[in-house]
Amino acid sequence: DFAFSNIERFSTASLITRLTSDVNQLQLTLMMGMRLLVRAPVMLISALILSVLISLQLSRVFLVAIPLLVVLVAILLMRVGPMFRSLQEKTDRLNLVVQENLTAIRVVKSFVRERHEKDKFAARNDDLRSASEKAFGTVVVNMPMMMLIIYGTIIAILWFGGHMVSAGTLQVGLLTTFFTYVVQISISLMMVSMIFMMMSRSVACAKRVTEVLDEQPDIADDHCDSTLRVKNGDIRFDHVYFKYDPKSPEWNLTDINLDIRSGQTVGIIGGTGSAKSTLVQLIPRLYEATEGSVSVGGHHVRSYSMEHLRDACAMVLQKNTLFSGTIRENLLWGNENATQEEIEHACRIACVDEFIDRMENGYDTDLGQGGVNVSGGQKQRLCIARAILKKPKVLILDDSTSAVDMATDAKIRHAFATELKDTTKIIIAQRIASVCEADQIIVLDDGNMAGIGTHKELMKNCEVYRQIAMSQLSEEELA
């Protein structure tokens, strides 16, 4: 249910630690605690009652011993709680290095940074070891201190009990029985102490788990009409403002006003960091507009359930992601009920058919983890075909042909114009050639609309667009 903004508050490494280490610690404490929390109190209370029945005078020794143990455990719990919290956070940091090195191993090897990454891992591992030694070093103090108090109690009972036997007020057999109950009390106190030590770490883990569980989704279907469907690809931005951090003094998007008719091809261009991706992510409600309104198909995006809105808006993100499995299985993400004919049609539009026949098993070729056996351009085309299979009302390509050659890019755009006439196509691009034939082009500059119009209109009226064009096109193309 989380929006992108919720997910960004927790690192992937931290979420993995919370799902594994923290949850396992809670599970272990629960499994052991359920037994010990029943067994230890019953043993303790029973032994105390029987000890009092044997000798009320001798049982007064416990009035000193038990409060001392309670104070000792309380002091240790107060000290180790923050230590265990710090320990889990340092585990997050170590897992982050491991995750980065596994997912970016090619980059590490390409830059010959193995030694640097080993040193970074060693530093964080040493940091984790130090935190572990500090936390568990404090915990292990519990046992010798407890044994000191317990053995002191036994010595005191021997002293006072011996005098009582000598005075004839206590039988030797009853003193022996009393020692049996003292041993039971000692064992039960150690068990209770162990439970509290385990719980001190579990409390730190539980807080981290509940942070995720208590996180409220920033975007929800609170006021939607579950029966409403997106009828067409009309899109309207009405005085839209947006910023990622509500506390930030600066806007990422400022006063955006747009009208896009269904079936149009719209290009979005601008410099790096001009909020092009941010703009299009407001359409399927991946983020929520801070001020103003975004409408799709004549209705505010909040009027639709997120499932139906996002089902009508296919988006190919900047980072192309393929999953382990075959090409066919990845394409069926777009439509799990798609026929072979529909798959082939989508692949023709995305120019996947140009290389699919060269694959060893065609559509049944296994892609491996993340599509490691296809090139960047092939991966982009597969992601575009997957999006087309959804038969969306709005198709958004977020710089999704950057790894495709110019000729293939032109073929894909021509196929869009002829095969997807009723679909609104929004193309974010860095290349002028990818958007110059669009029905309208939106020029963004630092979150502001610097211009909107056709290629010819912008060449005359928009300085930002003109500068981009002059840096990319030849004099003949400019003319």
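The model is a predicted one, in which local features need pLDDT of at least 70, side-chain atom pairs count only at pLDDT 80 or more, and totals for chains, interfaces and linings use all residues. Residues are numbered from 1 along each chain as its sequence is written, and side-chain values use heavy atoms, with hydrogens and water left out.

A pair of aromatic rings is described by the distance of the centres and the angle of the planes. Rings of Phe, Tyr and Trp (its six-membered ring) are taken as a pair if their centres lie within 6.5 Å; planes under 30 degrees apart are called stacked, those over 60 edge-to-face, and the rest tilted. By this rule, 8 aromatic pairs are found in the structure. One of them joins phenylalanine 242 to tyrosine 244, edge-to-face, with 4.9 Å from centre to centre and 85 degrees between the planes. Tyrosine 244 also pairs with tyrosine 287: the centres are 5.1 Å apart and the planes stand at 90 degrees, so this pair is edge-to-face. Here distant parts of the chain are linked, 43 residues apart: tyrosine 244 belongs to the loop between strand E1 (235-242) and strand E2 (253-260), and tyrosine 287 to the loop between helix H9 (276-281) and strand E4 (291-296). Helices (H or I, at least four residues) and strands (E, at least two) are DSSP runs, numbered from the N terminus. Ring pairs gather Phe4, Phe242, Tyr244 and Tyr287 into a cluster.

Phenylalanine 242 is buried at 3% and tyrosine 287 is buried at 6%, whereas tyrosine 244 is partly exposed at 37%.

Beyond its neighbours within four places in sequence, phenylalanine 416 is in contact (heavy atoms within 4.5 Å) with residues including Ile349, Ile384 and Ile388.

Methods
Buried < 20%, exposed > 50% of the residue type's maximum accessible area, 1.4 Å probe, protein only.
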